[in-house]
Amino acid sequence: MKRTQTLLIPFQLLTYVLMLLALYTIFIYAPVEKTMGVTQKIFYIHVPAAFLAYLAFFITFMASIFYLYRKDPKWDTVAHCAVETGIIFCTIVLITGPIWAKPIWNVWWTWDPRLTTTLILWFTYVAYLMLRRAVKVNQRANLSAVFGIIGFLNVPITFFSIRLWRTIHPVVITSRGLNMSEPMKLSLITTFIAFCFLFIAMLIGRIRLERSKMHIEELKEIMDGMNFKN
Amino acid sequence: MDNSSYLFAAFSITWSIIFVYIFRLFRTQTALNDQIYKIKKTLQNISDLDVADS
């Protein structure tokens, strides 16, 4: 535990430095896009946030499988914490998307396949958290794991929606790679790495919090036992 | 609203969400650490009393 804490501080500092570097690449290094203007710079937070939301839900999917297989509560904790972090990033996607859409598409929201499936994805995982609060403690982990596995079906649907259906949402990643200029590509990669570090820091922080809660429960049980004896 | 206002809105909302979430995590973690410390101290006192009684 102490070693993790010691490693966490340089990791958080590195995240901070990478975030500053990302801001530099977004606002100074990356060129202004000719058609959309400065609004296009929203892209550098919108895309990494979307990928990290997918990654978080994938972690939940894997942790849920491990939980059902091993019945180890630590996997349930990982799944739960990943959902919460994923929702944060999915919320960022759902907020930055309409802000970007308004000056470009002239609407805040349209029922486009990508937008609609992303909204459904967000509701799915909000439902996951609501389910955890609603059910009894002894059923919580099992039901959440099943929900975490089934809910993940939404992720590939959301990701491939722009290829499966007719949409106005731009396709950034094509079979020929990233469809943009070199400085833009580099800025996106830098932001993506910085967001990955931020995501890991947030997820570790959330898992540590959950472990502290469990530790308190254990200590309280010991205390109750001692009180009973006395 | 001009284009830079949309950019400002997107970035400020994103960073606000992240900062609020991290701040919330930090505050809860600090409160839990305090609680753990208090419980451990109480347990220590109880076990010290038990030793003194015996």
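Reader: Hi, I'm new to this one. Is Lys71(A) buried or exposed?

Author: Lys71(A) is exposed: 12 other C-beta atoms lie within 10 Å of its own, and 12 or fewer is what counts as exposed. Keep in mind that this is a predicted model.

Reader: Okay, and where in chain A does Lys71(A) sit?

Author: Lys71(A) is in the loop between H2 and H3 of chain A. Helix H2(A) is followed by this residue, and its phi is positive, near 60 degrees.

Reader: Let's zoom out. How many helices and strands does chain A have?

Author: Seven helices and two strands. Along the sequence the pattern runs α-α-α-α-α-α-β-β-α. The C-alpha trace of chain A spans about 75 × 40 × 30 Å along its principal axes.

Reader: How much of chain A is buried?

Author: Of its 230 residues, 35% count as buried. As for the contacts in chain A between residues at least 6 apart in sequence, 78% join residues at least 24 apart.

Reader: Now chain B. How many helices and strands there?

Author: One helix and zero strands. That helix, H1(B), covers residues 3-53, so 51 residues, and goes 75 Å from its first C-alpha to its last, close to the 75 Å expected at 1.5 Å a residue.

Reader: What kind of box do the C-alpha atoms of chain B fill?

Author: Roughly 80 × 10 × 5 Å along the principal axes. The radius of gyration of chain B is 23 Å, while a compact globule of 54 residues would have one near 10 Å.

Reader: What share of chain B is buried, then?

Author: Buried residues make up 7% of the 54 residues in chain B. In H1(B), the buried ones are Tyr6(B), Leu7(B), Ala10(B) and Thr14(B).

Reader: Which helices do those pack against?

Author: The buried residues of H1(B) pack against helix H2 (43-70) and helix H3 (73-105) of chain A.

Reader: How many residues from each chain take part in the contact?

Author: 24 residues from chain B and 29 residues from chain A. The side of chain B that touches chain A divides into 15 nonpolar, eight polar and one charged.

Reader: Which residues have the most contacts inside the largest nonpolar core?

Author: Ala49(A), Ala53(A), Ala56(A), Phe57(A), Ala79(A), Ala82(A) and Phe89(A), in a core of 52 residues. At least two core residues come from each of H1, H2, H3, H4, helix H5 (137-151) and helix H7 (182-229) of chain A, and from H1 of chain B. H3(A) gives the largest share, 15 residues.

Reader: Pick Ala56(A). Which residues is it in contact with, leaving aside neighbours within four places in sequence?

Author: Ala82(A), Val83(A), Thr85(A), Gly86(A) and Phe89(A).

Reader: Switching to H4(A): which residues are buried there?

Author: Arg114(A), Leu115(A), Thr117(A), Thr118(A), Leu121(A), Thr124(A), Tyr125(A) and Tyr128(A). What covers them includes H2, H3, H5 and helix H6 (154-164) of chain A.

Reader: How far apart are the end C-alpha atoms of H4(A)?

Author: They are 31 Å apart, which agrees with the 32 Å that its 22 residues should span at 1.5 Å a residue.

Methods
Residues are numbered from 1 along each chain as its sequence is written. Chains are lettered from A and ligands numbered from 1 in the order in which they are written. This is a predicted model: local features need pLDDT of at least 70, side-chain atom pairs count only at pLDDT 80 or more; totals for chains, interfaces and linings use all residues. Helices (H or I, at least four residues) and strands (E, at least two) are DSSP runs, numbered from the N terminus. The radius of gyration is taken over C-alpha atoms; the globule rule is 2.2 Å times the number of residues to the power 0.38. A residue is buried if 20 or more other C-beta atoms lie within 10 Å of its own, exposed if 12 or fewer, and partly exposed in between; C-beta atoms are placed from the backbone. Two residues are in contact if their C-beta atoms, placed from the backbone, lie within 7 Å. Ala, Val, Leu, Ile, Met, Phe, Trp, Tyr, Cys and Pro count as nonpolar, Asp, Glu, Lys and Arg as charged, and the others, Gly among them, as polar. A nonpolar core is a set of buried Ala, Val, Leu, Ile, Met, Phe, Trp, Tyr and Cys residues joined through C-beta atoms within 7 Å.
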